[in-house]
Amino acid sequence: RKRCAAPRLLDANVIPPLAEALESLVSRSRRRLGVFLRESMRLSRLVSLMLTAGCPTVGGQAVLEGVMMRNGDAYALALRRPDGEIVARRMPWFSLTRHPWLKKPFVRGFPVLIETLVNGIKALNRSAEHQAEGTEEELKGWHLVLTLLLSLAMAVGLFVVVPHLLSLLMQWLELGGGVEGLTFHLWDGLFKCLIFMGYIWAISFVPDIRRVFQYHGAEHKVIHAFEAGGDVDAATAARMSRLHPRCGTTFLLFVISISIILHAVLVPLLLFIYCPEGAVTKQALTIVFKLLLMVPISALAYELIRYAARMPDGFMATLLRAPGLTLQRMTTAEPDERQLDVAVVALREALGARATISSRLPTGATPSRPGGAIHFLEFACLPSWKVLKKSIWSLNRRLPSLTSTTTRISTAS
């Protein structure tokens, strides 16, 4: 109750399962240790669900001299003007997943990718207009469509067509096989990774992009501070890590990894079923098929990143998160206090009325409501697995008193 004061959690739908789990833990753990461990895991999952039931999932994106934060059906954009003032605005999130069917696992990945691109381009253009002209005019109509199409065309050309052509060059040099073989797709995957890493490394030398990477780190730090509970301000966020397991950079890395596997399996299968006569037609068919595979690839990558973020700390979680977290060392940089202030304002605006505001306001900020730094008494996110394990083992020392404790909890419900 202290970390997540949402009264609806303490109703008849939640407390009886917890009481039942406690009673089962007491009775079975006295018989053998193996059952105790399994029941402890079950109890910890139930407690985690209780703690996170009222907690919003917040995500974000860095833009030019600002941060975008999303919370549910709305997102907030906080920008620092050239004169040093922070301006923030809360807007509706353009969504393609309002239909229940499009929210199902292994279906939602591609619609989420498209809607993230649309909202991200809107936020980037609005931030650029702020820096150039000091206007808040929104990108609309065919301008937005054209920008989205050009972005997709550049991504397809750079990460699909160019690696395919380079793999054909390896085949011509007799360093790899044809498109039906495994070596072709291994070369293709290697070139994708090298182009992706080289692209990030090259743009990191652009001063404006370097500042975007700093705002990217500020966004991660503020979200970490929010998930930890308590006060969220620049000082608290500065102590957090700039790396986050749910980052979009990790998603792109998962997309590349899954594409290598699926292309190596499904492209030869397609050409076994149907193979055109001409060489040009054959390569064109392969490229088009790779583009169509982006739908299931993005769906699988989305579920994989969600699974990796939810996993308790351990060897497998570290193994899945390590490549993405390593790549984030290139796409994030340590922010300064002024950049953290912008991210804090963006988070406050995204949460809206759910945020309890304390008296500290970042210097130069212009809030849409009276406020300051965020004081989160109502929300807490998933506690660390180490904390849960420590709590579970402390229960073992107090097994004789658990029955009376369970009775008090049931009475409270």
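Helix H6 has 22 residues and reaches 32 Å from its first C-alpha to its last, close to the 32 Å expected at 1.5 Å a residue; the expected span is 1.5 Å times one less than the number of residues. Helices (H or I, at least four residues) and strands (E, at least two) are DSSP runs, numbered from the N terminus. This is a predicted model, in which local features need pLDDT of at least 70 and side-chain atom pairs count only at pLDDT 80 or more, while totals for chains, interfaces and linings use all residues. Residues are numbered from 1 along each chain as its sequence is written, and side-chain values use heavy atoms, with hydrogens and water left out.

H6 is mostly covered, since 16 of its 22 residues are buried. Buried means under 20% relative accessible area, exposed over 50%, and partly exposed in between (1.4 Å probe, protein chains only). Just after H6, Gly229 takes a positive phi of about 85°.

The interior comes next. In soluble globular proteins, nonpolar side chains tend to be buried together. A nonpolar core is a set of buried Ala, Val, Leu, Ile, Met, Phe, Trp, Tyr and Cys residues joined through side-chain atoms within 4.5 Å. The largest core here has 27 residues, and those with the most contacts inside it are Met69, Val222, Val232 and Leu347. Among the elements that give two or more residues to this core are strand S1 (58-63), strand S2 (66-71), helix H6 (207-228) and helix H12 (337-351). H12 provides the largest share of this core, nine residues. A second, separate core of 17 residues includes Val179, Leu293, Ile297 and Ile305.

Charged side chains also form links. The structure holds 12 salt bridges, each a side-chain nitrogen of Lys or Arg within 4 Å of a carboxyl oxygen of Asp or Glu. In one of them, Glu65 pairs with Arg211, and the closest N and O atoms are 2.4 Å apart. Glu65 lies in the loop between S1 and S2 and Arg211 in helix H6, so this pair ties together parts that are 146 residues apart in sequence. Glu65 counts as buried because its relative accessibility is 17%, whereas Arg211, at 29%, counts as partly exposed.

Another salt bridge joins Arg242 and Glu334, with 3.6 Å between the closest N and O atoms. These two residues are 92 apart: Arg242 is in the loop between H7 and helix H8 (248-273), and Glu334 is in the loop between helix H11 (315-331) and H12. Arg242 counts as buried at 17% relative accessibility, while Glu334 counts as partly exposed at 43%.
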